Amino acid sequence: MKKVLSIMLAFAMLLSVAAVVNAEEADHEHKFMKMANMSCHYEECEICFELRNVGEHTFEDGVCTVCGHPEFVNPFVDVAYDAWYHDEVVKAVASGIINGKTPTEFMPDDLLTYAEAVKLAACMNQVYTGDVVTLSNGEPWYQPYADYCKENKIILKEYNYNENATRAGYMEIFANALPDEAFKNINNIPDGSILDVKNNAPYAIYVYKFYRAGIVTGVDELHNCNPDANIKRSEVAAIISRMMDTSKRVKFTTAKSGSSGDGSGTDSPVIGGTDNPTGGGNENPKDGGNENPKDGGNEDPKDGDTVERINNKNDIKNDILDDNPDNLNPATVNYLPEPLKIVRQPEGTEAESYGGKVELYVEVKGGEAPYFYEWYYNGYRNQKTKIENGDYVKDASSEALVLSVEKENTLLGERIFCKIKDSMGTEVTSNAVKVYGPFSMPVDTIEINAATIEYVLVGRIADGVIRKGDKVSVERNGKIIAIGTAVDLQMFGKSLDQGVKGDNIGIVFKKTNGVSPQSGDIVIKYKEKRCYKLSC
């Protein structure tokens, strides 16, 4: 009986303590701390935090010692937790140097343009020298970053900023983004030891700078650079991570390095694995992709090197290069096929209306015919799912995937790509693209700014894409009742350049004609209509 009474008394005391805490919490105005990626991982009320005596949050092995949450929060649905680049992407974004394409999509397989490269270089330089990024977009959007890079000798020439950056071009820009002291040599990489980088190449000095600092390790076991291949955002995130955090840099050796370093192979698919699906690699080397993504081997083998070549009639054999590194010895090579590579990538699109069909076409050459095609899409958490023929899909095992643009087609808005194998088992992977139906967003709620006569139309995008500055129409019961401009797009208080299917956003709508929108209306891409009265 005494034991029962003791338990009841203890329980009553706990309830009284909880009541005191709740009462104290109720007596103050909650002031929230933005603690994500800092001391904790969620917004916490500062006073409640003290009342609960949570204590100082510290991290061991990437996990909080108090609440058990990971040190960095991943907000991106297309960055899987088991992806090789997960940590690099999350940490690079947390640094403030690189952002997602949207608040929930990083788009790791998208190729980087030179415009994006100069922005990243400028932001990295500002973070390194002053801990904060002060630059902002201009007209065109990348101009302030390009000007900053010119003024600070980060870029020494003009670029076609809308072109995709090559690996060599990217390193040429980033080699000047930080001072030389940030590129301390940790690897012995002699001149001439990177087989596909000629010593007289204008970018050679920058490539060797990255290799010797352990920031880049190459694309295969021979540490080839693949300098002319384009670079993906996932790879860029890893490079940023290694540039800003020297503990992430990799010690390794090449065949001509001697005994420097503590590693002999490539460290990860980012820069040390198969990172160029358009050039013979595999975008996910964990699936057992291509052993040699460098389009079949090295471009500039040196005298006396032993390389592996595929013989069409035999298995793999060792062939020795003769004294001329530009030629293979015909006595030891019977047949050298052209490497398998993609010569035409599929292209995404935004349909203007439902009812049509879209063809995603990929073309390859080289390798050994016949070719085998498999189309996939990246689903939830970047899970790769094979596409099968169905009501809205056909030709899923050919070079041309056909999609019907209908509301019911669940592939609309997903990242779709193709894996192609030749008869020898060599595999290449295309770029991932998206097909959208026509833009539409039902309006859930409306806010009105009387001063600017603007409406904030809030809802979830049902399909398609909307970009800041797009002309839009508002539809009610199948009739256009207003037209105007989406002067801004907002999500969680932040301005966006675009919104896509599935996003919950607020469209800042500047009406030019028609009646006032209301809940239940549908925002669509601009349709012209002469009369905007409800009776029309």
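Confidence in this chain is lowest in strand β6 (residues 316–320), with a mean of 32, and highest in strand β18 (residues 440–442), at 96. Over residues 1–28 the pLDDT stays below 50, and beyond near neighbours in sequence this stretch has ten contacts in the model. The pLDDT is also below 50 over residues 259–335, a stretch with 201 contacts beyond near neighbours in sequence. Keep in mind that what you are looking at is a predicted model. For the chain, the mean pLDDT is 75, and 69% of the residues reach 70 or more. Where pLDDT is low, the predicted coordinates should not be read in detail.

Three strands form an open sheet in the order β9-β14-β13, and their pairing is antiparallel. Strands β9 and β13 stand at the edges with a single partner strand each, so one side of each has no neighbour in the sheet.

Now follow the pairing strand by strand. Strand β9 (residues 357–361) pairs with β14 in the antiparallel sense over five bridges. Here Lys-357 has Ser-404 of β14 as its bridge partner, and Val-358 stands opposite Leu-403. Strand β13 (residues 393–394) also runs antiparallel to β14, and two bridges join them. On that side, Val-393 stands opposite Leu-403 in β14. The hairpin of β13 and β14 has five residues between the strands, and in this hairpin Asp-395 takes a positive phi near 60°.

Next, have a look at β14 itself. Is strand β14 mostly covered or mostly uncovered? Strand β14 (residues 400–404) is mostly covered, with five of its five residues buried. In a regular strand the side chains alternate between the two faces of the sheet. In β14, Ala-400, Val-402 and Ser-404 point one way, while Leu-401 and Leu-403 point the other way, and all are buried.

Gly-506 lies in strand β26, which covers residues 504–514. Why does Gly-506 count as buried? Its relative accessibility is 6%, and buried means under 20%. Which residues does Gly-506 touch, leaving aside those up to four places away in sequence? They are Val-456, Leu-457, Val-458, Asp-488, Leu-489 and Gln-490. Take Leu-489 from that list: Gly-506 and Leu-489 are 17 residues apart along the chain, and their C-alpha atoms are separated by 5.8 Å.

Notes
Residues numbered from 1 in each chain as written. Predicted model: local features only at pLDDT ≥ 70, side-chain atom pairs only at ≥ 80, totals over all residues. Heavy atoms only, no water. Helix = DSSP H or I, 4+ residues; strand = E, 2+ residues; numbered from the N terminus. Buried < 20%, exposed > 50% of the residue type's maximum accessible area, 1.4 Å probe, protein only. Contact = heavy atoms within 4.5 Å. Pairing = 2+ DSSP bridges. pLDDT = per-residue confidence, 0-100.
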